[in-house]
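Please read it with the model at hand.

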Amino acid sequence: MRTLPKRSDLPKEQTWNLEAFFASEAEWRAALLEAARAVAEVRPFAGRLAESAATLRTALQTYETRMLQAMKVFQYASLQLATDGTNPAFTRMVGEARAVVTQLAAAGAYLEPELLRIPAETLEAFMQAEPALRVYRHYLEALKTRQLHILSEEVEAVLASAADPLSAHAATAYAATNADMQFRPVEHQGEPLAVSHSTIGELLVHESPEVRKAAWASYADGHLAFKNTLAATLQGSIKSFAFQARTRGYPSSLEMALAVSRTCGDNIPRAVYDNLLAIFQAHLPTWHRFWRIRKKALGGRLHSYDVPIYDAPAPLVPSPKISFWEAAETICRGMEPLGPEYVEPMRRGLFEERWVDWGQNQGKRAGAFSSGLKGTFPYILMSWSDDLFSLSTLAHELGHSMHSYFTRQTQPIIYARYSLFVAEVASNFNQALVRARLLREAQTPEQKLAVLEEAFANFHRYLFVMPTLARFELELYTRIEQGGALTAPYLMERLAELFAEGYGGQVELDRERLGAGWMHFSHLYSPFYVYQYATGIAAANALAQDVLEQGEPAARRYLDFLKAGDSVYPLEALKIAGIDMHSPEPVERGFGVLKSMVDELEKLVG
């Protein structure tokens, strides 16, 4: 059986450059102690913000710089844990760093309630007298819109202190999934194949249906062994967020999630969420047609293991083999319509600065992500397989990382992040642009079909699975808010029902293993995150079409969007790029792209 290497045995070029973050654990620990001492620097400004413009400026700058330092300590520990969840030292480091961040947040909890008590005319006078305060204008205006939901200093301090224990549900689920969960190996031609979070992606697109079926069952059964534990952690997480929404006076958890982001309010209208779910359900016949075509192409039968909800559907043609370095070059070529301002720093990150941790090793967490902070590289974690699906994942995460790169290069600390609502636009945009180039370069029907398979994997995840999960998630929150409870049997049966509706009778279902799918998505521990994948892919494909058709003007608008960060509301940031998400039109355009690809698939497979 192929054994995954230990983390320490991976070649350096397959790992990210965390030495640029902290050179050693000793250096990290010194930064941890410094962050802990910084708590005392934040407290003395309590009750003094209205004293003078200089005092207000110093208080805000002190808090945001100290919080950034503390978050770097936490980020480093989190990145280490992501690469090896079995290492208890990394688990301990994350706990220590989280505690300091929580203490600092509690120490600064007076800031927003106190800011809201300062008269608007006083704040305006302060900004006129102190130019360094003017950058906070959008933050202060956004704060006013949330005034009814910001509580007293005492209550805010309690909520900030409670953030650590309230996050324990997600931490427990993470440990169960990434450290304790075991999967039985599968056999192929007399040889056992290891099933793990790192290998499941390549096994699910294996040329052998028997391997795909066995790997899917092994992965599902590994999760099912923890079904009651994970049902309890998910319920606890939902109850925690519902408690916060109720405490802050929001009508529902969804209303709070749409209103609030990490720095400024998101200010997303409820209609955006409702429009997405309505349009998705209206376009389910397009998905039914897609499954019908795939079923015919696969010999008249389509099983649950052929359409895993956490990965790509079973391939109609084998994916071309492509190495990490070949994929990196391909992505750089695909992004050329954005010009050297975009491509050159991305190339440095790939080939010189080691942004990407792509090797497979024991204990590495599932999935892929982009992470980092102002002043760090925009790091990427993934597990590489030599195929187009890994190329697509890398392009996706590079979209996040380049968004982060431009935001952090352009914006001050207060705006150096961006809403989750716009995050999935940049990632899917990269995939759309690279895919367009691959389709242009395809020389045979088989090559074109292979690229379309990558596209369908992307659309299946973001415009089928994620809207279905969004429907599921809304039902879970509503159930909890109405005094109900969540159990593993309920969660499994309801999710299976929703996916059965989406398959339109074209897929032979293993309902128990299909219903276990909610355990595969850590996204559900980030309240109302999943719907943003669907709005993101729709807006991204519309923007990619604009860049390819209009050229430099559209590319310039897109780069300006990437630089906006939290300096404007997310819907306003998208307007900079030329997309109006108040309207259902971008989501309809996304389904239009899907329909055209289904048309092309039908031509290719007959």
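1. The model is predicted, with local features requiring pLDDT of at least 70 and side-chain atom pairs counting only at pLDDT 80 or more, while totals for chains, interfaces and linings use all residues. Residues are numbered from 1 along each chain as its sequence is written, and side-chain values use heavy atoms, leaving out hydrogens and water.

2. Helices (H or I, at least four residues) and strands (E, at least two) are DSSP runs numbered from the N terminus. The axes of helix H13 (residues 270-282) and helix H19 (residues 445-481) come within 10 Å and cross at roughly 120 degrees. Axes here are lines fitted to C-alpha atoms, for helices over the stretch in contact, and angles run from 0 to 180 degrees between N-to-C directions. H13 and H19 are therefore oblique to each other; angles under 35 degrees count as roughly parallel, over 145 as roughly antiparallel, 65 to 115 as roughly perpendicular and the rest as oblique.

3. Contact means heavy atoms within 4.5 Å. On the H13 side, Arg 270, Tyr 273, Leu 277, Phe 280 and Gln 281 take part, and they meet Leu 463, Phe 464, Pro 467, Thr 468, Ala 470, Arg 471 and Leu 474 in H19.

4. Helix H14 (residues 284-297) and helix H20 (residues 488-503) have axes that come within 7 Å and cross at roughly 75 degrees. H14 and H20 are therefore roughly perpendicular to each other. From H14, Leu 284, Trp 287, His 288 and Trp 291 make the contact with Glu 501, Gly 502 and Tyr 503 of H20.

5. In helix H6 (residues 137-145), the buried residues are His 138, Tyr 139, Leu 140, Ala 142 and Leu 143, where buried means under 20% relative accessible area (1.4 Å probe, protein chains only). Helix H4 (111-117) and helix H5 (120-129) are among the elements that cover these residues.

6. An open sheet is formed by three strands in the order E3-E5-E4, with mixed pairing. Strand E3 (356-357) and strand E4 (369-371) are its edge strands, each pairing on one side only; two strands pair if DSSP finds at least two bridges between them. E4 pairs with strand E5 (residues 379-381) in the antiparallel sense over three bridges, and Phe 369 stands opposite Leu 381 in E5. Helix H17 (residues 388-410) packs on the sheet and touches E3, E4 and E5, its direction making about 15 degrees with that of E4.

Conventions. Buried means under 20% relative accessible area, exposed over 50%, partly exposed in between (1.4 Å probe, protein chains only).
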